[in-house]
Each structure stands twice: as C-alpha cells, then as structure tokens.
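Dear colleague,

Please find below the structure that I am handing over to you.

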Amino acid sequence: MHVLAAVAERPFRFQPHPEIWALIGGLVLLAVYAVKRVGPAATREGEVITTRGQKAWFVAALLTLWFATDWPMHDISEEYLYFVHMIQHLLLSFVIVPMFLLATPTWLARMVVGSGRPYRLLRRMTRVVPATLLFNAVVVFSHWPAMVNGAVGNPIVHYGVHVLVVFSALIMWLPVCGPLPELRFSLFVQMPYLFLQSIIPTVPAGWLTFAEGVVYSSYDR
C-alpha cells in the first residue's frame, strides 16, 4: 500500500533502468561492428556500406526506442496511466520498427536472414494474410485484461510482450519498407494492406472506449 501511495503521489519520480541502457549500448556496438568490420567484407569494392539516410534512420530509431522504453515513459505506463502504455506500443509497432528497417542495409539483412530455411519461412510469414493475422492477433492479445494485468505486475512478462509486439511489427512492416526488395509488396498492394492493419484494432479500442467499469484492475488507483 505504501508503494501504491508513493506511485500515486510521485508518478514522475526518477527510476534507473540499466537494462535499457545496456540494450541501447549493445545496439550501438553491434551497428558499429557491422559497419566497420563486417560491411567491408560483405560488400563489393566501391559499394556503399551505409548511406547517410540509413545512418539518420538508425539514430532516430535509437532515440525513439530510448524515449519509449526508459524513464519516465516506461514507469508512467507501468505504474500510472494505461494511455501512456498504449503510446509505448504504438511507438514500438508503428514508428520504431519501420525506422530500424529503413536503417538496415540490404547486405546486412541478407547476412542475418540467410538463404536457407529461415529465409523461406520469412517469405511465407510476410505474405498478406499471415502478416496481417499475426500482427492483429498480437494487438488483441496485448489488450487482453489478464495479459495486461500480468505484464504490469511482472517485468519479465512485460518485456516479453514488448518483444512479441516488435516481432509482429517486423513481420508486418517488412513487405512495406524492409531492406529485402523481393519481399516488398507493390504500392498497389501496400495501400489496402496497411488499411487492413487499422480495422481489427478498432475492436479493442471500441471496447475500451465504451466500457462501463474497470477493465484493467492494475490501473484502478
């Protein structure tokens, strides 16, 4: 009870998150290693390893990821306002993921995915129906009251949900702005495909908007 009172009185109090700092630092180190060590060996002589635009997208994605997952947004979303929690999810799935995809060179994506079974599986998952079903199933699942209450009370579950949100968003965005040209849909397909992603989320949105009682007990303070 004392903890709940302290949260209610000081929702913006500073809380360190070294795991987020480690994540950001690890991504920076991996990116530098890929560009400086792997890139020269994976590209042809004279081929551009990374463009200025890709570097800008990477920096923007990192800063947005930091903003969405560190203090104060993380703490307010977990302890105080579900509204901020959903801003987190929107940033993760609709902003940060496409930014990272736009920052990824094609040669690096091919090295990560390869050309064997993982690549064939990725091709199947990034078709219209599988990608749409996966992304929207995660949207519904992440709004399920039992999952929300469990994630708020358990940091491991909370981060697991975020990983799932990011993974489903990766699958959804790869055919739109991914670094592998053969996986991208034509513009004629991309328009209705992206529109599809806005239909199912209106179900939990309407349910939350017109709910007459407390939906998530964790935020009933």
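**Second largest pocket**

Four elements, helix 5, helix 8 (128–143), helix 10 and helix 12 (202–209), each contribute at least two residues to the lining of the second largest pocket. Please bear in mind that this is a predicted model. Helix 5 provides the largest share of this lining, with six residues. The volume of the second largest pocket is about 270 Å³. It is lined by 17 residues, of which Met86, His89, Leu90, Val139 and His143 lie closest to its centre. By class, the lining of the second largest pocket consists of 12 nonpolar and five polar residues, with no charged residue.

**Largest pocket**

The largest pocket holds about 1400 Å³ of space. Its lining comprises 43 residues, and those closest to its centre are Leu27, Phe58, Phe100, Thr104 and Leu170. At least two lining residues come from each of helix 2 (18–42), helix 3 (52–69), helix 5, helix 6 (106–113), helix 7 (117–125) and helix 10. Helix 2 makes the largest contribution to the lining of the largest pocket, namely nine residues. In the lining of the largest pocket, 34 residues are nonpolar, seven are polar and two are charged.

**Cavity**

How many cavities of 30 Å³ or more does a search of the whole structure find? The search returns one. The volume of the largest cavity is about 40 Å³. Helix 5 (82–103), helix 9 (145–153) and helix 10 (155–177) are the elements that each give two or more residues to its lining. Helix 9 accounts for the largest share, three residues. The residues that line the largest cavity are His85, His89, Ser142, Met147, Val148, Ala151, His158 and Val161. Four of the residues in this lining are nonpolar and four are polar, while none is charged.

**Points shared between these sites**

As to charge, the lining of the largest pocket includes two charged residues, whereas the linings of the second largest pocket and of the largest cavity include none.

With kind regards

Note on methods
Residues numbered from 1 in each chain as written. Predicted model: local features only at pLDDT ≥ 70, side-chain atom pairs only at ≥ 80, totals over all residues. Heavy atoms only, no water. 1 Å grid on protein atoms, 1.4 Å probe; cavity = no way out; pocket = protein on both sides within 12 Å on 5 of 7 lines; lining within 4 Å. Points joined across faces, edges and corners; volume = space filled by probe spheres on them. Nonpolar A, V, L, I, M, F, W, Y, C, P; charged D, E, K, R; others polar.
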